[in-house]
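Me: I would like to learn how to read a few features of a model, one at a time. Please give the general idea and then the case at hand.

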Amino acid sequence: MTDERRPRLTARAAPYLLVAPAWLWLAVFFVVPIATVLSMSLMSGNLYDGYSLTWEFGNYAAAVGAYWEQIARSLVYGACATVLCILIGYPCAYWIAFRGGAYKNAYLLLLLLPMFVSFVLRTISWKALLADQGIILGTLKGIGLLPEDAYVLNSAPAVVFGLAYNFLPFMVLPVYAVLERMDHRVVEAARDLYAGPVRAFTRVVLPMSLPGVFAGVIMTFIPTSADYVNATVLGGAHNTMVGKVIENQYLVNNAYPMAASITFVLMAVLLVGIFGYARALGTDRVMEASAR
Amino acid sequence: MDSMTESAPAPVGAAEEAPPSADVPAIALEGVAKTFRTGREEVAAVARTDLEIAQGEFFSLLGPSGCGKTTTMRMVAGFEDPTEGTVRLKGADVTRVAPDRRDVNMVFQSYALFPHMTVFDNIAFGLRRKGVPRDEVRRRVGEMLELVELSGRGRTKPGRMSGGQQQRVALARALVNRPSALLLDEPLGALDLKLRQAMQIELKRIQRDVGITFVYVTHDQGEALTMSDRIAVMNKGAVEQLGPPREIYERPASRFVAGFIGTSNLLSGTVSDASGGLAAFPAGEEGTVRAATGAAVGETVEITVRPEKIALHTARPDGAGTRSRVPGTVSEVVYLGSATHYTVAVDTGAQGGTELTVYTQNSAGTDDGPARGDRVWLEWGPEHSYVLPA
C-alpha cells in the first residue's frame, strides 16, 4: 500500500521541491534584509552603546521632517528622467522594431554596449565631458557659442540627463519587446480603415504598447529615484538626492535607524506611486494586452 | 473621445464621388507590375497584369503561395506601390493614393483585430475615422453585428472569441464602411474544415445581400469554385486563366490550371486517326482516346479529363462510337460514403504507365464496385477530353 502511494506523494511534492530554491533565495536575500532594515528603523541608540528595538516610530517623523526636500527632489528627478527616457526611448524602440529589418539585434546590441562599461565609470566620464572647460563646453566657449560662465555640471539638468542616459535601455527594451511581437497587420488594418499614419499610431500602436511603457516606467522610475551616483557625480552639493542622504546616514553618521527609516519612507512612497499609476492606467487592460 | 469632430474627406473612389454607371469596373488594373528588391536581387512578384473587376462581382484570385495573388490585392488596397501601371477604383486613378484614402476595405488573413478595443469599437473604427455621427455609428454597427450573427457581443474583447467569431468581426469591421470593394486575403484559412464550409456559404450570402464587390484571395480551389462569379488563376506572377468557375474547371487554359484546379487526369499521345473533327490516339492495350480537336495525324496532343466524367466498366464497353475507351488496373480504392474514388493504372505504352483518378457516385442499387487489382475499362465522351493548348 505504501509502495503504491510513494510515487504519488513524490509527484505531489515535486512542484514544491522545484520552487524551494526560489523561495529560499527570496527568504535569504529579500525577506531577511527587509525585516532587518524594518526592525532597524524602529530602534534607538548609537554605534557605541549599541541599538535596541524600542519601537521608535518617531524615527519616521524625524526622517520625513529632516529630509522631505531630498525625497521630493529624488521623485522629481526620477520622474523627469523617466519622461526623458520615454521621449527618447519610445521612438528608438519603435524604429528598431518596425524599421530595424534584419539588423534589429545589431541595433539592440549597440544600445546595450555602453552597459558593458561600469555604471560609475560612465557617469564619471560624463563629468569629464561636461566639465566647464571640458571638450564640449570648452570648445563651444572657444568658438564663442557659449558665454564664458556657462556651465552644465552641478545642476539639476545634469543629474536628470545622467539618470536618463544611464537608464535608457531599461525603457527601450520592454517597449521594444511589446512592439516587436505586435502584429504589424494591425497597423495596416488601421490605415485601411481610414486612419492616417498619426491616428494609426495614437489609436492602435500606442495603446497596444502601453504595457511595455508601463514596465519601462517601473524599471526606470524606481532605480532613478533611488540613485545616488548621478546626483553625487554630476549634481554637486545642492542637488542631493535621497540615496546620498541614506548613504551619509549609514556610512558617515552611523545613524542606522535614521537611514533605515528614510529607506522605508522612500519605499512606501514609490509603492504607493506605482500602485496608483497601475490603477490609473487600468491594470486589467495592461494585463490583458500584455497577455497577448 | 472618438467623435464627430473628426471628419475626413471622402476617400478616393467613394460611391458618393461620381454616380457609378454600371459599366465602370469597380477595380481596374492596367499594366500593373510589382518588383521587389531584396539586396541586389530583383524579384518580380507580379508581371504586367490587366484585370477588370465588375461592380457587385465576387472575384477570386486563385493560385499557389508565391504566385503574386496577395501582392496584387495589396496593390489594390494601397499597401504596395506598383512598380509600373495604374490602379483604378471606379475609374479614378488611385495608384499613388494612401490606403486610408482609398474606398476599399480589407479582411486580413490573421484578422488583425484591435485587441485593446471591444468588438463594437473595432467595427466602429472606420466609421469614426470618417466622421460618421455617433447615432449612425451605433445603428450601423448594430446592423453589422446582426448581419454576422454576433448581436449582443459588442462589448466583448476579440481575444475572448473563437476563431470563427473573430473572422466575422473582421468581416463586419470592413463591411460596415460600405466600401466600393471588399478585399479578402484568405480569410477562412485559419478555420477548421466544417466552419470553413459554413463560412463559404455565409460569405456568398452576405455578398449577395450587400451587393458589394468582393475580391477574394485564396489558394483553395474548392473555395474559389464555390463562391466566385469569376476566377483569375495566377501562377508565377501572371494570370494564367480568367473566367467563370465552370469554364476554369472544365476548360483549363494550361497544364498548370488543369493541375491546380481539381484532380486532373493527363493523357498524351500521337494522333493516329483524325476524321470528322475528332482526333484519336491509342492508350493502353486496344485503348483509344478521342478528343474534339482539329489535330492532324502525327501530331502530339495532350488532354485532360475530370475524374467525375469517367465511367468505370468491369468489361469492355460495346461498339466503336466516338467515346474514349481505355483499359487499366485498379490500384487504389477510397470509399467516401456518398462516392468512391478509384485510382486506375493505365498502361499507355510509350511513356510507361500513367494513373487516372475516377470518381463514382454510390447511388442506390449499385453493388460493390471493382476491387484493387481488378481489370477495368474507363469510358468518357469526346467532349470531356479537353485538349490542352500546346
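Me: What forms a salt bridge with A:E188?
Reply: A salt bridge is a side-chain nitrogen of Lys or Arg within 4 Å of a carboxyl oxygen of Asp or Glu. In this predicted model, A:E188 is paired with B:R74, the closest N and O atoms being 2.6 Å apart. The rule finds two salt bridges across the interface of chain A and chain B. Local features here need pLDDT of at least 70, and side-chain atom pairs count only at pLDDT 80 or more, while totals for chains, interfaces and linings use all residues. Side-chain values use heavy atoms, with hydrogens and water left out.

Me: How many residues of chain A are in contact with chain B?
Reply: Contact means heavy atoms within 4.5 Å. By that rule, 19 residues of chain A touch 31 residues of chain B. Buried area is the accessible area (1.4 Å probe) that two parts lose on being put together, summed over both; here that area is about 2,300 Å², with 58% from carbon and sulfur atoms. In chain A, the residues losing the most area to chain B are A:L193, A:Y194 and A:R203, together 35% of what that side buries.

Me: How are two packed helices described?
Reply: By the angle between their axes and the distance between the axes. In chain A, the axes of helix α8 (residues 197-226) and helix α11 (residues 256-281) come within 11 Å and cross at roughly 165°. Angles over 145 degrees count as roughly antiparallel, so α8(A) and α11(A) are roughly antiparallel to each other.

Technical notes. Residues numbered from 1 in each chain as written. Chains lettered and ligands numbered in written order. Axes fitted to C-alpha atoms, helices over the stretch in contact; angles between N-to-C directions. Helix = DSSP H or I, 4+ residues; strand = E, 2+ residues; numbered from the N terminus. Parallel < 35°, antiparallel > 145°, perpendicular 65-115°, else oblique.
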